Amino acid sequence: MKVGIVVFPGTNCERDVAHALGLLGADTELVWHRETNLDGFDRIVLPGGFAHGDYLRAGAIARFSPVMGPVADAAAAGVPVLGICNGFQVLCEAGLLPGALIANRDLRFICRPVHVRVESTTSIITRAARPGQVLRIPLNSYEGNYVPGDSAPIPVLRYCEPDGTASDAANPNGSIDAIAGVTNAAGNVVGLMPHPERAVEQFMVSTDGRVLLESFLAS
Amino acid sequence: MTTDLHRRLGMTDEEFAQVGAILGRSPADPELAMYSVMWSEHCSYKSSRAFLRDLPTEAPWVVVGPGENAGVVDIGDGWLAAIRIESHNHPSFVEPYQGAATGVGGILRDVFTMGARPIGLWNQIRFGSLDDPHSRYLLGGVVAGIAGYGNAVGVPTLGGEVEFDDTYRGNPLVNVMCLGILRRDQLVLGTAGPPGSIAILLGSSTGRDGIGGASVLASTGFEEGAATKRPSVQVGDPYEEKKLIEACLELYERGLVVGVQDLGAAGLSCAASEPTARAGAGLDLDLDAVHCREVGMTAPELLMSESQERMMAFVDPAHVDEVLAVADRWEIDASIVGTVREGDRLRVFHGGRIVADLPTSSLSEDAPLLRRPIARPDWIDALWDDQTRPVETDLVETLVALLDHPSLGDPSWIYEQFDHMLFLNTVAGPGLDASLVRVRGTSKGLAVSTDGDGALCHLDPRRGGARLVWEAALNVAVVGARPLAIVDNLNFGNPENPEVMWQFTETLAGLSAGCSDLGVPIVGGNVSFYNETDGADIYPTPVVGMLGLADPMPPLRGSVAPGMAILVCGPAQSTNLAGSAVQTIVHGAHGGRPTNVDPDAGEASIGTAVRIAHEIGGGVLHDISKGGALVALAELLMPAGVGASLSPTPYTHAFGEDPHRFLCLVPAERIEETVRIAVEERSRIELWGATTGAPELSIGHTNVVPVRRLAAVWRGAIADRIAGGSGG
């Protein structure tokens, strides 16, 4: 099995994702954004960063990169596609996931661990998790405030208190319904704002990211 | 040409005459432009160069010392570390967001110019009181600028320091430091290579932004109307820089460049002349080939522009096509702008004709060398003789007052705006004594601490300079690393003031002594003069950036939990509070002579700290610095919500800041082992108390305060002042 990690100019988490997936035994390959053929990849990740500088709007230019055609084709064919942070923003802009991500409520960049609760165990990143399981995973974004618009998103993760309860204080960026991650209706495309690859080793804030990435590789 | 052009470019009449003597004729405007920026204080170090020569810069592990774009040291197993610090003080006052952002961009280029991948950034930022709306605006802008650039360029910001003091009200300090790592065979120097080499300008297009930044902005003080200098501030584009980093690293990996120089201060003037002078060669530079973002730029504008995100690569002719292909792949612009020639002439072509023709080395090597007058201030003895003893107040209320000061308060409002986790190597991040990053593929870790203290150095610049070196060394030691190399950023007032030059030379003497005693070389630095507003100089504020090496990595730091022993290691605290936070913040005083360093005790403390960090698993170490031992202990208790019971503690022991001291929390069953290590390392160690399940801090059973109260004050010290003042 091979995981393709898409690299736009300005992407910066590609090696981190490769490292984390590598720890879990995956075979990964970086794919430049001008690539037009994704045959041979069984999984696709759009990692975090600032694709095309996030100029105009996060993900707004990236959706026009040549690689996004084959990404859409793979998603339609049922290939698991995971967007992390900036990758989530790109998937929303590309119309592969519903809604949009706007500036954080406090208009400041946020880099710190947050708690999220598993809302659904049918998505490609939560199949190995327990319903209601609380995970502690780092957030790292300025535009992480999820707004569904007219869509009816299927939440995968919601921000929560350490004990799993909901509160305004536990919602770091003002996302509607505290949504931290969503899936498409088919269940094979998922986007989330927290960075699971930043929670996989003992010295990190937790190893809670493993269950998400393991689910992704096993899905 | 108007007769006073040189003055408007910041040159003296003497310097103008010297240019005429070098050329044997009157300089043309483009030539004058080049000399004006290259001979500026910022680029030439003309006031400081004579003194910097005496600094200790050598050690067997130094690969590249001061003078190149960054210092480089050997960390073993074929790996090198590159490190550099720079100031962006004046631009950040004029335009805080872009000033700070381009400071980050510039320091990154200094490091990846050497062939290194930047792996961490640190910032040292100083402002006036947060009660002043303008200081809040500057803090917000600077932090947003560092975040906006550093996060997007994809290099984590791993730590730093922040201080608020009215000395910085009209002249904030924004220093940034960068660490990179590289394989030994990837080291690249700023040389133009042999004659025939081709100069290729990579990255952003050249515009009129930042013209004269080095001379007009960085080399004079501020007076009324600083905002009129705003056009001299550059504008940053982190996206362009990210692509430039990746492109350059690919060029190095494939061995496609002979040398590289970044375009920072003095822009093309510097990037064309310095590598050529180092190579002992000449250069033909074609300004018509430079890719521009504006039409109709004149030759002086092209030569002086400080447009960001540009690099000059010197390439063997056989590799030119490959270099252009790499640039194309990474979607950056590239122009062939010059050819290295035999001889020593820098010839600049514009509009098809020669507009400048001068000896290459004259721009750097013939720069003026000033011996400015030095005068010991007559007020220093009165300061030292100040025997005023503070009226000692309640321990708990003093502690609360200190934790409520933004200089000692919780800095997470700042560092949580910075990506400090990227690359997955951050073992110890911001908010701790030192950052610690693992070097993947090796057993090693690199630790970095940065330390400055204006009030201390104002009271005694020599002792202050030495104190900073030893404090930074102990900071890396408590995370398990041995001190390896230093970079320094010397932020001072107007060098035309003889008292500032005294502060400067005294500081250098202190830094030198500290480094020599410690056996750690200075591998690079930066001098920022003219930090003054309306004739008032800032406190002398040297900043020491210390790189430490942990090999192997120590075990993970323990957690603060009930039932741990609290030990204080290092020399006994004296009754001296000169320069301490309690003197400044609580007593509103400034006087006395700070306690001097004690190299033997310093070595013992470092040895003890490193061994405890490695040998006592589950231990928690913390340097005692600003605020003293009680503040240091509170900093450990508050995040954990754990209490402590301490033996009766005299006021000066609670808040004194004598050097070489650190706290050590260890599981109770490991006290004996910990004490044995200290004894073996000839360090003094004493038991102060124990952590408790009751969430309160109890000092001698008479002074008791809930840890929750301390934490609330500490957490709000910066955040609440920003929030409360945001409507103002």
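In this predicted model, strand 10 (residues 179-183) and strand 11 (residues 189-192) of chain A run antiparallel and are joined by three bridges; strands are DSSP runs of E of at least two residues, helices are H or I runs of at least four, and both are numbered from the N terminus. Two strands count as paired if DSSP finds at least two bridges between them. Strands 10 and 11 of chain A form a hairpin with five residues between them, and G187(A) in the turn has a positive phi of about 90 degrees. Residues are numbered from 1 along each chain as its sequence is written, chains are lettered from A and ligands numbered from 1 in the order in which they are written. Local features need pLDDT of at least 70 and side-chain atom pairs count only at pLDDT 80 or more, while totals for chains, interfaces and linings use all residues.

Strand 11 of chain A is also joined to strand 4 (residues 81-84) of chain A, by four bridges in a parallel arrangement. V190(A) is the bridge partner of T183(A) and also of L82(A). In a regular strand, side chains alternate between the two faces of the sheet. Here both faces of strand 11 are covered, with V189(A) and G191(A) buried on one side and V190(A) and L192(A) buried on the other. A residue is called buried if 20 or more other C-beta atoms, placed from the backbone, lie within 10 Å of its own, exposed if 12 or fewer do, and partly exposed in between.

Beyond its neighbours within four places in sequence, A313(B) is in contact (C-beta atoms, placed from the backbone, within 7 Å) with I200(B), L202(B), L251(B), V257(B), V260(B) and V323(B).

L251(B) and V323(B) also take part in a helix packing: A247(B), E250(B) and L251(B) in helix 10 of chain B meet V323(B), V326(B) and A327(B) in helix 13 of chain B. By class, this contact has five nonpolar, no polar and one charged residues; Ala, Val, Leu, Ile, Met, Phe, Trp, Tyr, Cys and Pro count as nonpolar, Asp, Glu, Lys and Arg as charged, and the others, Gly among them, as polar.

Methods
Two residues are in contact if their C-beta atoms, placed from the backbone, lie within 7 Å.
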